Amino acid sequence: MQRMTDNMRKRAGELMAEGKADRFLGWEKGSFWWQSPPVEIKEASQTERLIWDLFCTANLAKYLQQMQSLEGKTGVFVKGCDARGINRLVRDGAIDRDKVYLVGIPCPGMIDPDKVRELVGDGQVTIAPLEDGLSLQGPLGERKVTLDEVALDKCLLCRHPEPLGCDEVLEGKAREPFTGDIYEEVRELEELGSDERYDYWAEELSRCIRCYACRNVCPACNCVKCVFDMDQPNWLDGATNLANNQVYQLIRFMHVAGRCIDCGECERACPMGIPLRKLAAKVDKDVNELFGPFEAGLDPEEKLPLGTFDPNDPDSFE
Amino acid sequence: MSSVDADWKPLIVGFCCNWCSYAGADLAGIGRMSYPATIRIIRVPCSGRVNPHFVIRAFQKGADGVLVAGCHPGDCHYSTGNFYTRRRYLLMQRLLEYMGIEPARFQVRWISAAEGAKFAQVVTQMTEEIQALGPNKKLRGGCTCNE
Amino acid sequence: MKAIAKTALPDLFAALKGRVYVPVREGKGYGFALWQGQDWPADYQNTIVPPKQILFPQTEDLYTFRVEGEDITIDPAAPPEEPSFIFGLRPCDYRAIELLDLVFRQGPYLDASYSKRRDNTFLMVLGCKEGLPTCFCTSFGLEPAFAPGADWNMWDLGEILVVEPGTDKGKELLEGLGLFREATEEEKSQVEKLREEAKATITLHAPTEGITELLQENFDHPLWDEVARKCLECGACTYLCPTCHCYDMQSSSVLGQGRRFRCWDSCMYCNYTLMAGGHNPRPSKRERVRNRFLHKLQYYPENQGEFGCVGCGRCLQHCPVHMDISRFMAQAKEVMAK
């Protein structure tokens, strides 16, 4: 970790000195042990703020959109999911690839703070790397665990921890890509009856407070003006009730259909703990089943499943 | 649905493409074919014009069923519009079903300008299916408050 | 001071005549919901959504209407008549309700719906034994295990809950319930100890001294750019804030029936200050983020004489990119003072 942090600081400084990047996006240590929020480095003297640890979860892709109007190039440190998010934005024409410089970091997977809290409590927690795992120390004592025992669920299912399409990649070891069934949870729900599924989603979505955190972290939600921010036509009023919340999520997942990179940020950002990945994965599963194998964000030139067609597509409509 | 009023008839919103399905509906009328008066037709230039929002909007505003009807794949007036429609609604149909909305409430059919009888038959069948399900309460806006 | 065994809580909830709201497991944490026989949660710290949602619901009907032919019927909506009991809210959230009172119940305009709910609601505060790392209530002069002015203050002594009424209303309620016994001297001293010890568990501090004046002088300071850059402009912080109270009024109708309602709105949203002509006095994220912080730290003190933040730490906990108002205050002190 420390070696990667040193490398990042060094590389960011060098690239800014060489003129390859005018600013850098990375992560800095936040106020608490479980927080490593995004940071923008404006000059070489600030590179000491950069860090790399197991809490650099926030997907940085989204920031590039607002930085498009800035002069010069923005350097970005990217994990697998950040890189796919950026490919996504480049594909959508939301950002200009020539205005970003991507430095890849092979990602070991990030920690779910809740899983750590469950093991060692909250408060003063320290996490130290061991040869074959992590040592957690907290108010409830010390525990030795493997990273997978405390990793975010979304990281356990990650198929591309290695960043793709970067200008350079820092030396490091990514976790093993997940090769199993990423749709297991979806299948479980699909097997339920229609009413049970309705009740399941009714219970989950009735909690939604429509803070739009899921939308605002999503690298596939890159509209300049979102339909849900429109007054005329007003597609959805501001009442938070089950029907409106269902409509919001239905439309949002239709909008990101075939474009979702499965970074899991929506679910992480949701303060209400709604399992949004189960909706994203459902759409992804259907795209794959109906229109052939497809993974979004792997290639900035990719053809989007809903932006193209095959005359021989399945047709159940008669 | 025993609690439903015996006179209750479903309200179906039908998005019909101008070139095929709308003409098909016209043909059904000209041919004096009878079908239930449950459908309100909205003419669209192409089934590809139908945004998923429109479908959801219909449910929000009180529809019991929504029909999207367009030219048969390959016959689109704009060559390829309905190929996109097909992909879009194959997905949305499954997503609606996944969230527990009865599949009969949202249907897509290919109806050509020559298929007046098919139009009448589709509306009849859809009406029967929705009649059996009863009024739709899901996704409906306006009158529900969580409190 | 009175005492009740925790095992008798269901009897207490059943004896309270009205709607009893208790913390209930919801998603990743807790939320206030109507008591329906659930057990008292053992590991409850605080709710994700603050109890303001009971006094000031996220969506609340103002009136409903029905159109039949030429006839239009309008039915005003009114908050429920029966009393509510919020059992187990924390001192920070109680203080936040006092701050909402300043907005909704003071001055020439009285918010009828809020006031009615407020008058009808008993606030039964449960002192915190231990703060979370994100708690900084003491920075705003609060005590983590005591809320002056609350109907009831309660302390959890393991098997026993000790109650001290703080208002006439609270006293009357407590005396009317036969379920309590007098607290022993031992229990009283345990409460004193708990209150003292709780203070020490609040480890996060936000520098409040002189912050209002400092912010008044630095409306255009470049620090705002840096702070705003990180924000994603979602409304999680404002919707989860116990003192945020902005709302919008909208209406909707379906097949001739509809309602006019009010619903929470957030100053973080791009159309919050958008005017009919298209002008937006807070055109970018910078102005919007600045507004959120200034409302808590400058406008509230200017208008109400009190800080608009109670240090509950929800925004620190739930912000997807970990924006931190306590850190901002420290940063402002350091950077703006120069």
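View 1. A:Arg210 is buried, because 25 other C-beta atoms lie within 10 Å; a residue is called buried if 20 or more other C-beta atoms lie within 10 Å of its own, exposed if 12 or fewer, and partly exposed in between, with C-beta atoms placed from the backbone. Although A:Arg210 is not a glycine, it has a positive phi of about 55°. A:Arg210 lies in the loop that runs between helix 8 and helix 9 of chain A, where helices (H or I, at least four residues) and strands (E, at least two) are DSSP runs, numbered from the N terminus. This and every other view shows a predicted model, in which local features need pLDDT of at least 70 and side-chain atom pairs count only at pLDDT 80 or more, while totals for chains, interfaces and linings use all residues. Residues are numbered from 1 along each chain as its sequence is written, and chains are lettered from A and ligands numbered from 1 in the order in which they are written.

**View 2. An exposed arginine in a loop of chain B.** B:Arg32 also has a positive phi of about 55° without being a glycine, and its place is in the loop between helix 1 (21–30) and strand 2 (39–44) of chain B. B:Arg32 counts as exposed because it has 7 C-beta neighbours inside 10 Å.

**View 3. A cis peptide bond in chain A.** The peptide bond that leads from A:Gln232 to A:Pro233 is cis, with omega near -5°. A:Pro233 is found in the loop between helix 9 (213–217) and helix 10 of chain A.

View 4. Five strands of chain A form an open sheet in the order 2-1-3-4-8, and their pairing is mixed; two strands are said to pair if DSSP finds at least two bridges between them. The edge strands are strand 2 (38–41) and strand 8 (168–169) of chain A, each of which pairs on one side only. Strand 4 (residues 100–104) of chain A runs parallel to strand 8 of chain A and is joined to it by two bridges, and A:Gly104 has A:Val169 in strand 8 of chain A as its bridge partner. Helix 3 (residues 80–91) of chain A packs on the sheet, where it touches strand 3 (74–78) and strand 4 of chain A, and its direction makes about 155° with that of strand 4 of chain A; axes are lines fitted to C-alpha atoms, for helices over the stretch in contact, and angles run from 0 to 180 degrees between N-to-C directions.

View 5. A:Val90 has its place in helix 3 of chain A and counts as buried, because 21 C-beta neighbours lie inside 10 Å. Leaving aside its neighbours within four places in sequence, A:Val90 is in contact with A:Ile95, A:Arg97 and A:Pro300, contact meaning that the C-beta atoms of two residues, placed from the backbone, lie within 7 Å. A:Val90 and A:Asp299 are 209 residues apart in sequence, and 9.4 Å apart in space from C-alpha to C-alpha.

**View 6. The side of chain A that touches chain B.** Here 39 residues of chain A are in contact with 30 residues of chain B. Helix 10 of chain A provides the largest share of this side of chain A, with nine residues. By class, the side of chain A that touches chain B has 23 nonpolar, seven polar and nine charged residues; Ala, Val, Leu, Ile, Met, Phe, Trp, Tyr, Cys and Pro count as nonpolar, Asp, Glu, Lys and Arg as charged, and the others, Gly among them, as polar.

**View 7. The largest nonpolar core.** This core has 227 residues, and those with the most contacts inside it are B:Leu95 and C:Val125; a nonpolar core is a set of buried Ala, Val, Leu, Ile, Met, Phe, Trp, Tyr and Cys residues joined through C-beta atoms within 7 Å. Helix 10 (residues 242–255) of chain A gives the most to this core, with eight residues. Apart from its neighbours within four places in sequence, B:Leu95 is in contact with A:Leu250, A:Phe253, A:Met254, A:Lys282 and A:Val283.

**View 8. A hairpin in chain C.** Strand 11 (residues 247–254) and strand 12 (residues 257–264) of chain C pair in the antiparallel sense over eight bridges, and C:Gln250 stands opposite C:Phe261 in strand 12 of chain C. The two strands form a hairpin with two residues between them, and C:Leu255 in the turn has a positive phi of about 45°.
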